[in-house]
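Student: I would like to learn how to read the features of a structure one at a time, with the general idea put before the particular case. Could we look at it together?

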Amino acid sequence: MAVEITIWLFCLLSLAWGPTKQEKPVAVELSCGAGPSHVILELGSPLLLDCNLGSSDTPFNVTWFKDGQLLPPAPGDHQYLSNGSLLLLPTSTDSQPPKNVEGSYSCVSASDIGALTSRAVNVLLASLSRLYQEPSPQTVIIGGFARFECQMTGVPLPVITWQKDKVTIDDDTRFIYLPNGVLQILKVTKEDEGIYQCVASNSAGKDISTEARLTVTTGPIDTLNPVVIVVPPQNVTVVLGHPAVMECMAQGHPKPFVSWSRQDGKPISTDVIVLATNLVVRDTRRHHAGVYVCRANKPKTREFVVAAAELHVAAPPVIVQSPESVSLTRGSTARFLCNSSGEPLPELHWLKNGQPIRSFRRIKMQSPGVLLINQLALEDAGYYQCIAENRLGTACATARLTVIVKEGLPSLPRHLTATPYSSTTALLSWEKPEYNTDQIIAYSVHYQRTAGSDNQESSFAVSNETTEYLIKELRPHTAYTFFVVAYSPMGASPPSLPVTVEMLEDVPSAPPQLSVVSTSPTDIRLTWQPLSSQHSRGAVTRYRIDYSALDQMDIMFSVELRGNETQFTLRELRPNQVYRLRIAAGTSVGFGVPSEWVQHQTIVRYRPSDNSTVIFAPSELKVRSRVSTLNVTWQPSPNHTMVSGYKLSYREAEADGTSKQEGSSKTHTIRLRKKARHHLLTGLVPDRQYEVRVWGFNRQKDGEAAVWKGRTDKIYSRPSGPSSSPPLPPSSIQATANSSTSIWLRWEKPRFINVRIINYIVRCSPAGTTNASLVSYYTSSSLEILLGGLKPFTHYELAVRSNGEDSTGPFSGTVEESTLPDRPSTPPQELQLSALDSSYVLVSWRPPLEPNGIICSYSILFTVNPSEPEHQWRNLSEDGDIFSTEVNGLSGGTWYFFKVGASTKVGPGPFSSVMDVQTPLPTYELDVHAVTGIIVGVCLGLICILLCMCFSFRNSKSRELSGGLNSTAVTPQCRKVGCPAPAKVPECSDSHELETLMPLGTQELGQQRTNDSEEQSLMEKDDHLCTSLCSNQVEAEVIVHSELSDPSGEEEEEEGNSGVSNSTRGPSLLEDVYSPLSEPSSTVREDHLENLIVAKSLQSLPKRTILAHHNGEAEGNVEQQNSDTETQPDNCLTNGFHSPNISRSVLRSEHLVTEDSRHCPAAAGKAVSAGLPPAPFVSSVSVHSTSAPHTYLCP
């Protein structure tokens, strides 16, 4: 007592220096009953934890634990009292609560009988965190509503109040304060405008939020507006005993009416308050949980809107059924039962004297709430506790077990041995107890399977006259544990020492279930499932397959395989031949009974071009047999695109494999759709042989069948006993997609197990389906299963139920999961091609029947040669939501081949069948507008040419009449009759007339020529030239080059013609003339032509140079006095008409042949220079057949 007083004085003195006044310590009792789950450690108040477990014996040892670990001594943080209590000090040297004080505390109290563990209590320091949600400014119309929200966490939970303009808001019916920190202002007025703040406070302090201004404006409120719920209720989880708020604020004109209801149809509890339009629960209880519906109605109309939210009430564990303390004699059986409640559902486990209990041999936990102890011994006495835990806390209940030992009881049996007598029997032998043997009235033999945690124990009563017993109906190749107990009138002896022995192996009791399918005309594929341990009766080391042709049954072939094989393919068989097959499994002892003979016919050999291709049998046919059901599953045929659906038939078969008499066995056929992959056959006879066939079909024919033969399970008799309730469904079901065709499903055992669970049944079906044939069932003896054979990218609903020994429980709630996407398994369908014209083809298609995901793109391949490799085809790509496209740039009259494939994000799928289309030949249509334009243009051109010709003809006539054409270089004689010929020279027979049109020059206008002697000399030279030329004839070509000289570029003559101006000089013309002569002359001298110089006064004019060659060609070149002179187009005249010749023209001899031309004597080709007087128009010296008779020269 003096020590306690000293400790209290020390505490008071140490706290006197703190910032707060010392208070009385807060005492919390830690027991195994109900109590608070957490305690708040206030600043300045010490906390006293008292360990009181209600034990009748005085504890001699109390141990404290923090967070599951032994609490070390720390005088600065806590103190141990003499009665085992723990005193926590709230201050440290800096007058602040030590941070390491927080945690979960529990105590263990030990006594002579045993030890007890208290429930755990969480010690929390008082604290106030910062606001994590503060009010925000708002603008509201007069008559509307405003809403401010403020959220803060703290220990204990802070209380939130509101201020307006730094003043606490007075009570007003328009101001609604909700426990969740929300302020609602109804029917806002101009006076409500201002600055609002929230104040959060608890024992650790207070905090003020930032300012939020409320602005009130005016606006039209008489306009009819639809009803809108602007603040709908939100899902909320509230701890039991705490307040709950569900808001619902609606607006509209006229003002809507808001009402509340429960979705399950139950009435709302009377302790629920409707505050304005909000639902408030002051003290939340379990019955308040549910879905609440807020409905806003517009008055006097049927217009309304609804919003729903769920209220979830979390509760710490509570023990609703505690185990009872019992006193039992040694050798009897103790059974403790414990049930709990809470949200989430608590997990239960058992403790003995403060230590966890594990299931082993005599001690079994049949379920988390049931503890069974067989063959009680003295060491089983003590305290047993049931612990329930969830995230909100723990709860516990205690029971005491007392084992009574009476006097005169026999001792334990000695030297127990167990010898396997066969694979199913064992011989037990033992010796009598050492003491009180004469009091023994019977023995009890106990045994159970060694492996497993929930194995049931079996026992038999044996007479006291024997010390051995032969146990039968054991499982081969299974380990068992045996012990023996002796009984006297006073009670049971302690159990003997246990003995474990493994039974011998045996041949398998049943053959594997065989499935047969043909993959080609010469192959048969066999698949089977491994035998269960119940049927294998040992380690399967080998399989044997027997087969023979039906027409050669005396010749049988056998194939042995290893024990780890589950499939085999028989090859090199005959097409269209019926075979019979069977399988047997073997252990080290030997082969078991073989399966029934299964008959199967290989498919007919076919050609690829044959349209009547057979439909292959479905692959991977599997059948799960039960007492009265067969669950049949399969995979599609290899050429499943030809399949329109599946057919399933089943019938009873004789044990020897032959069919029953006609009419005694009825075959039932079921027609299934193409996407079916499983079917459940129900209403079958137990322990009966059945034959199941599955095959595909289309409109033309049926395909090959996959065959299975097997037997339904037997009905195992169970010992009669009191009927038990069905087991509860599993909990915590979780589904996870494993691949595109499989889903992992995991679950936990039921929270409360009232019967022994043998296995679990899993139900799997596509989401939303109402077709029972689409529902699959799977069996699992563990707490997980991999569901395979599912469709890619499909949403499935999954549920699990528990199977008891003689009852089946209900299915759990469904969970949903989708398989992962995959490549499309079918190509796009309905491919259509339409040739729009010679270069365009329209390609259209429909999505695949089995896309196995979201189609991302389509690939369009086309080519003109279908035998090319696929990578050489031209490829176009379209988005997944496009189902047609135009292919351009094609050639007309060509066959094109197309195919289309679809792709998901996983990859591309198969391409469609190749289709062809021929583009039409290109057609050329007459463009009426273009042709009309051409015709009009041609007509206009012709009219212009005619006008020009008429105009030229008129101008030429006018020049002839006015005497504009005159030769100044010859005499009138030569101008009229040509060159006078000498007497001795013959007349030119075929001479050519060369016409030179000489216009009037400036000399004729201004003055007469002054040098008549020069003119006369010229005429004489001409006569001499003509005479000399007639001696020989030369075929010459005269090439005339015409150039227009620029008047500005001409220079005035300085010699001979100084008085003549060139300013009025017209463009000069150089003409190339080709003239045929009779014969070339070889005696003409070159200097003879140089004497032909005409008129020295004209040397300044542009010169015409004529080169005559012996080969008949002549070339003319024009030399201009100014290099800058531009060449202008020439206008040549022929017989007075303008000729549209180009600036450089060549007239050959064949162009100059005329009727009246004459041959002149030829001269040696030499340059002849002649000066031409300036002319105001273009003169022509072109040779023509109709030249005028006044021509004076024949070159």
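Student: Of the contacts in the chain with a separation of 6 or more, what percentage is accounted for by residues 24 or more positions apart?

Tutor: A contact means heavy atoms within 4.5 Å. Among contacts in this chain with a separation of 6 or more, 68% are between residues 24 or more positions apart. Please keep in mind that this is a predicted model, in which local features need pLDDT of at least 70 and side-chain atom pairs count only at pLDDT 80 or more, while totals for chains, interfaces and linings use all residues. Residues are numbered from 1 along each chain as its sequence is written, and side-chain values use heavy atoms, with hydrogens and water left out.

Student: How many helices and strands does the chain have, and what share of its residues counts as buried?

Tutor: Helices (H or I, at least four residues) and strands (E, at least two) are DSSP runs, numbered from the N terminus, and by that reading the chain has seven helices and 83 strands. Buried means under 20% relative accessible area, exposed means over 50%, and partly exposed lies in between, with a 1.4 Å probe and protein chains only; 43% of the 1195 residues of the chain count as buried.

Student: How should I read a sheet, and which strands stand at the edges of the one that contains β1?

Tutor: Strands of a sheet pair through backbone hydrogen bonds, either parallel or antiparallel. Two strands are taken to pair if DSSP finds at least two bridges between them. Here four strands form an open sheet with mixed pairing, in the order β1-β3-β7-β6. Its edges are β1 (26-30) and β6 (78-80), each of which has a single partner strand, so one side of each is left without a neighbour in the sheet. On average, neighbouring strands of this sheet are turned by 20° against each other, direction ignored, where axes are lines fitted to C-alpha atoms, for helices over the stretch in contact, and angles run from 0 to 180 degrees between N-to-C directions. Strand β1 runs parallel to β3 (residues 47-51) and is joined to it by five bridges, with A27 having L48 as its bridge partner in β3.

Student: What is the pairing in the sheet β62-β63-β66?

Tutor: That open sheet of three strands is antiparallel. Its edge strands are β62 (731-737) and β66 (784-787), and because each has a single partner strand, one side of each is left without a neighbour in the sheet. The twist averages 15° from one strand to the next. Four bridges pair β63 (residues 743-748) with β66 in the antiparallel sense, and W744 stands opposite L786 in β66.

Student: Is strand β50 largely enclosed or largely open, and why?

Tutor: Strand β50 (residues 542-549) is largely enclosed by the rest of the structure, because six of its eight residues are buried. Antiparallel to β50 runs β51 (residues 557-562), joined to it by six bridges, and R542 has R562 as its partner there. Strand β53 (residues 578-586) is also antiparallel to β50, with eight bridges between them, and R544 faces A584 in β53.

Student: Which residues touch the most other members of the largest nonpolar core?

Tutor: In soluble globular proteins, nonpolar side chains tend to be buried together. A nonpolar core is a set of buried Ala, Val, Leu, Ile, Met, Phe, Trp, Tyr and Cys residues joined through side-chain atoms within 4.5 Å. The largest one here has 21 residues, of which L630, V632, W634, L648, L681 and V692 touch the most other members. Elements giving two or more residues to this core include β56 (630-635) and β60 (689-697). Beyond its neighbours within four places in sequence, L630 is in contact with residues including V623, L681, V692 and W708.

Student: How many salt bridges are there, and which residues does the network with E691 join?

Tutor: Side chains of opposite charge can pair when their charged atoms come close. With a salt bridge defined as a side-chain nitrogen of Lys or Arg within 4 Å of a carboxyl oxygen of Asp or Glu, the count comes to 23. One of them joins E691 to R693, with the closest N and O atoms 3.4 Å apart; E691 is buried at 7% relative accessibility, whereas R693 is partly exposed at 26%. Salt bridges that share partners join R651, E691, R693 and K709 into one network.
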